[in-house]
Amino acid sequence: MNRASLFPPNRQESLVIEFDTAAYPESIDAVRLEVRAYTNGDFHVSYLETHIGELRQCRFDRHEQDHNTRDHYHPLPDASTGDAQDREFPTDLTTVIRDVVLPWVETRFGDLWNDA
């Protein structure tokens, strides 16, 4: 991790965690997680990665909407609604981050090195 910012000026409702790109392949310019949590239990956890100037992103969501179940995942490369997948996440956001998001980030880190 390079830096964590709670409610930064450009993301006033988020915790933003920037990863140290020195640990990533040279083609990766930036990596960060953005976490938004709501009092009703809803959340958005976005993974954003800049790869040779191109933004790639995915998102783990819990909220009511028309396209999927309340818990769902928007995959890489663009977190599109059309590719969203139904999921069943743990009840607690901390557990979601520990048991779902961080293992996904670790796998992604390995995939980036395998593709480098």
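A polar contact is a pair of N or O atoms within 3.5 Å; within protein, one must be able to donate a hydrogen and the other to accept it, and residues adjacent in sequence count only if both atoms are side-chain atoms. This is a predicted model, where local features need pLDDT of at least 70, side-chain atom pairs count only at pLDDT 80 or more, and totals for chains, interfaces and linings use all residues. Residues are numbered from 1 along each chain as its sequence is written, and side-chain values use heavy atoms, with hydrogens and water left out.

**Stop one: D61.** Select D61, in strand β5 (residues 54-62). Strands are DSSP runs of E, at least two residues, and helices are runs of H or I, at least four, numbered from the N terminus. D61 is buried, at a relative accessible area of 0%; buried means under 20%, with a 1.4 Å probe and protein chains only. Show its side chain with that of H63: a polar contact of 3.3 Å joins them.

**Stop two: β4.** Select 43-51, which is β4. Nine of its nine residues are buried, so β4 is largely enclosed by the rest of the structure. On one side sit F43, V45, Y47, E49 and H51; on the other, H44, S46, L48 and T50.

**Stop three: the neighbours.** β4 pairs with β5 in the antiparallel sense over nine bridges; pairing takes at least two DSSP bridges. Pick S46 and its bridge partner in β5, R59. Then go to I52, in the hairpin of β4 and β5, with a positive phi near 50 degrees.

Note on methods. Buried means under 20% relative accessible area, exposed over 50%, partly exposed in between (1.4 Å probe, protein chains only).
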